Amino acid sequence: MTAGGALSLSCPSCGEPVCAADIFCESCGTELAATDQSLPGYVAQCPVCSVDPSALPGAINADGCCESCGRQVPSGRDHVELDLGWLAGVTDRGLRHSRNEDAMAFATAETETGPVAVAVVCDGVSTSPRSDEASLAGTQAAVRMLLTSMRRGDDPAEASLAAVRQAHLALTSLGTSAQAPSATYISATISGDAVTVCWLGDSRAYWLATDSQPRRLTADDSLAEELVARGDLSEADAMASPQAHVITRWLGADVADPQAHVVRFEPPGPGVVLICSDGLWNYRPDAEGLAKIALPAAFTDPLGAAGALLAFALEAGGMDNITAVLAPFPLARPATVAEE
């Protein structure tokens, strides 16, 4: 901030001062719209290189692309799409919220035992401060740890717990126990023979398939889930109650020792792993219904299928931020996706 209280901005490419209303940097010509300088706290960065500890940091060129990998850098967080071939995802502000407090991050790696994909979705708790920053910090920190762990051959369950701890540290660095940016957490680590899922809160993982039974892989940490488990309410009544989205576990500085769940799922055949925020599953909580929307397109076009899930949620009301990441199993880069 300047002494007069105005927001002081600089060009991300050359560092020269710019105004919030500027579209291009007058010094170097960089398109400032591609960096979303008007969003407080937002720093444009490559969604791939920023979560890969082995990647060289790259500046953003005038075309809005990462100079390290050439990938287009998102211009903001209202709507982000990412396609890595093996998996793809989309996150969107929805129709009713002023900002996107969801975040996603994912990466792939070739290991000695075969290809591995890791993905994380965090949903910022709207009643907490800086919840949008919390979700982004959590996803990025977790994917960095997961990617590092899987490259060195760590056990996926242990890697998942290490990643959620890293995400928690990232969130605690943003606040205090009295002012704690918070978020839910869901991760999926996909290898040749299994899917390892780790979570706190009510973001979910699903197994979608046509040759086997679609199923939910997670149980929500929420009062609604507890009411259903105790037999006090049916699932439909619980989701219609005021307690529907009161979560009982989350990440943040107000949690001393977050207790994450970890499960290992061995797919019975081909299928698709979906991790998502409640902005999607609010409108279609059953795995069979989600499978009807996403399949069979998700087998060969996971980004297109993620877009279909998003379109469904928006058409159903779009009351919350919406995030969906899809990974076909077994991992295989679609032939239609060009190498980058």
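1. In this predicted model, an open sheet is built from five strands, ordered β5-β6-β8-β9-β13, with antiparallel pairing. The edge positions belong to β5 (102–111) and β13 (261–265); each has a single partner strand, so one side of each has no neighbour in the sheet. From one strand to the next the twist averages 10°.

2. Within the sheet, β6 (residues 114–123) pairs with β8 (residues 185–190) over five bridges in the antiparallel sense. Ala-119 has Ala-188 of β8 as its bridge partner. Strand β8 is also joined to β9 by six bridges, again antiparallel, and these two strands make a hairpin with four residues between them. In that pairing, Thr-189 has Thr-196 of β9 as its bridge partner.

3. On its other pairing, β9 is joined to β13 by five bridges, and the two run antiparallel. Here Thr-196 stands opposite Arg-264 of β13.

4. How much of β9 is buried? Six of its six residues are, so the strand is largely enclosed by the rest of the structure. In a regular strand, side chains alternate between the two faces of the sheet. For β9 both faces are covered: one side carries Val-195, Val-197 and Trp-199, the other Thr-196, Cys-198 and Leu-200, and all of these are buried.

5. Helix α1 (residues 131–151) lies across β5, β6 and β8, and runs at about 10° to β5. The largest nonpolar core has 28 residues; Val-118, Val-120, Val-143, Tyr-185 and Leu-251 touch the most other members. Two or more residues each come from β5, β6, α1, α2 (156–172) and β9 (195–200). The largest share, eight residues, is given by α1.

6. Val-120 is worth checking in the viewer. Leaving aside neighbours within four places in sequence, Val-120 contacts, among others, Ala-103, Met-104 and Ala-105, as well as Thr-139, Ala-142, Val-143 and Leu-146. Tyr-185, Ile-186, Ser-187 and Ile-275 are also in contact with Val-120. There is a second, separate core of 27 residues, which includes Leu-82, Leu-87, Val-121 and Val-325.

7. How many aromatic pairs does the structure hold? There are two. One of them, Trp-207 with Phe-329, is edge-to-face, at 6.1 Å centre to centre and 75° between the planes. This pair links distant parts of the chain, with Trp-207 in β10 (residues 204–208) and Phe-329 in β15 (residues 322–329), 122 residues apart. Both Trp-207 and Phe-329 are buried. Ring pairs also bring in Phe-265, giving a cluster of Trp-207, Phe-265 and Phe-329.

8. A separate ring contact involves a charge: the charged end of Arg-204 sits over the ring of Trp-281, 3.5 Å from its centre.

9. Ser-212 lies in the loop between β10 and β11 (215–216). Not counting residues up to four places away in sequence, Ser-212 touches Trp-207 and Pro-268. Ser-212 and Pro-270 are 58 residues apart in sequence, and their C-alpha atoms are 8.3 Å apart in space.

Technical notes. Residues numbered from 1 in each chain as written. Predicted model: local features only at pLDDT ≥ 70, side-chain atom pairs only at ≥ 80, totals over all residues. Heavy atoms only, no water. Pairing = 2+ DSSP bridges. Axes fitted to C-alpha atoms, helices over the stretch in contact; angles between N-to-C directions. Contact = heavy atoms within 4.5 Å. Core = buried A, V, L, I, M, F, W, Y, C linked by side-chain atoms within 4.5 Å. Buried < 20%, exposed > 50% of the residue type's maximum accessible area, 1.4 Å probe, protein only. Phe/Tyr/Trp six-rings, centres within 6.5 Å; stacked < 30°, edge-to-face > 60°. Lys NZ or Arg CZ within 6 Å of the ring centre and 35° of its normal.
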